[in-house]
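Let's take a walk through this model together. Have the sequence and the 3D view open side by side as you read.

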Amino acid sequence: MSPNIRGALIMMGSMAAFTFNDALMKQLGGSVPLFQLITMRGVLTCVLLYFLARYLGKIDLRIPKGDRLLVVIRCAAEVATTYFFLNALMNIPLANVTAVLQALPLTVTLGAAVFFGERVGWRRFLAIGIGFGGMLLIVRPGPDGFNIYSLYALAAMLLVTLRDLVTRKMSANVPSMTVTLATAVSVTGVAALVSTTETWVSVSPSLMALVATAAVFVLLGYMCSVMVMRVGDVSFVAPFRYTSLIWALLLGFVLFGDWPDPVTLLGASIVVATGLFTLFRERALLRR
């Protein structure tokens with residue numbers, strides 16, 4: 001098996017793991033208060049990530065002075081992302097939320113051009129504009145198809161864009177696992193603090209097993225995310241992140257009986273197509 005094929009399979013595994021986690025969180029949302037749920041999953045995730053970092057020998061708390069503010073901003077963006085994303089996830093179909101996030105290659109490309117001065121040609125700018133049009137078909141800002149949680153999904157997408165742009169700005173000396181662990185601890189700590197305003201409910205062993213399974217899926221997603229950067233050509237592997245939409249469609253239909261209407265599917269197709277074009281265009285420019 002070639003490195004590119006292995007990388008593609010690992011990327012698909014990462015997307016599947018994260019999407020299964022999303023589906024479990026959506027299923028648990030009707031039984032457990034949101035911040036209690038984030039706290040329980042977060043504690044398990046932090047413990048698992050710590051042992052994974054120990055196993056990989058990647059525990060290094062020394063963050064260069066010039067990168068510390070960037071790490072703080074990244075953690076804050078992840079905390080806000082978790083709030084908006086999970087609120088959207090609990091209230092609109094899984095596939096709709098996932099489809100909005102498929103615009104990330106477009107928003108990151110646009111953000112890199114605006115804030116970092118990276119060169120973006122007219123073809124990619126055109127793709128970004130068309131992709132945003134597809135996203136409007138998904139969220140539908142009109143009286144018939146729109147609700148406030150569509151805005152939450154958009155906010156989550158913009159915050160993930162900020163997170164990724166900040167990550168790109170970090171120096172190569174920042175340990176990836178340290179940033180990942182710091183992010184998980186930040187999300188868990190803030191959720192635990194806010195959860196004191198909620199009334200915690202008792203959790204049955206079966207529900208706790210689902211929470212633990214969600215934490216394991218998060219760990220698997222992180223593991224695959226680390227592994228995929230070491231296998232194959234990134235420009236070949238990156239487009240396989242869109243398989244998360246396939247998983248979201250299947251899980252949304254099987255677990256919740258949700259299936260997007262034709263307009264939403266059209267919008268998702270446009271977003272994916274323009275995102276793929278952007279990735280392939282970047283690959284062609286790198287080769288050139």
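Where is Ile59 found? Ile59 sits in the loop between α2 (34-56) and α3 (68-91). Helices here are DSSP runs of H or I with at least four residues, numbered from the N terminus.

A word on the ground rules first. This is a predicted model, in which local features need pLDDT of at least 70, side-chain atom pairs count only at pLDDT 80 or more, and totals for chains, interfaces and linings use all residues. Residues are numbered from 1 along each chain as its sequence is written, and side-chain values use heavy atoms, with hydrogens and water left out. As for pLDDT, it is the predictor's confidence in each residue, from 0 to 100. The protein has a mean pLDDT of 89, and 97% of its residues reach 70 or more. Confidence is highest in α3, at 95, and lowest in helix α10 (residues 234-237), at a mean of 74.

Back to Ile59: its relative accessible area is 37%, so it counts as partly exposed. On this scale, buried means under 20% relative accessible area, exposed over 50%, and partly exposed in between, with a 1.4 Å probe and protein chains only.

Now for the rings. The structure holds ten aromatic pairs. Tyr50 and Phe51 form one that is edge-to-face, 5.6 Å centre to centre with 70° between the planes. Rings of Phe, Tyr and Trp (its six-membered ring) pair if their centres lie within 6.5 Å; planes under 30 degrees apart are stacked, over 60 edge-to-face, and the rest tilted. Phe51 is exposed at 54%, while Tyr50 is partly exposed at 34%.

Tyr149 and Tyr152 form another edge-to-face pair, at 5.3 Å and 65°. They are three residues apart in helix α7 (residues 148-169), so about one helical turn separates them. Ring pairs also link both tyrosines with Phe35, Tyr83 and Phe84 into a cluster.

Finally, look at Thr264 in helix α12 (residues 262-287). Its relative accessibility is 3%, so Thr264 is buried. Beyond its neighbours within four places in sequence, Thr264 is in contact with Asn96, Leu137, Ile138 and Arg140, contact meaning heavy atoms within 4.5 Å.

Definitions and conventions. Helices (H or I, at least four residues) and strands (E, at least two) are DSSP runs, numbered from the N terminus.
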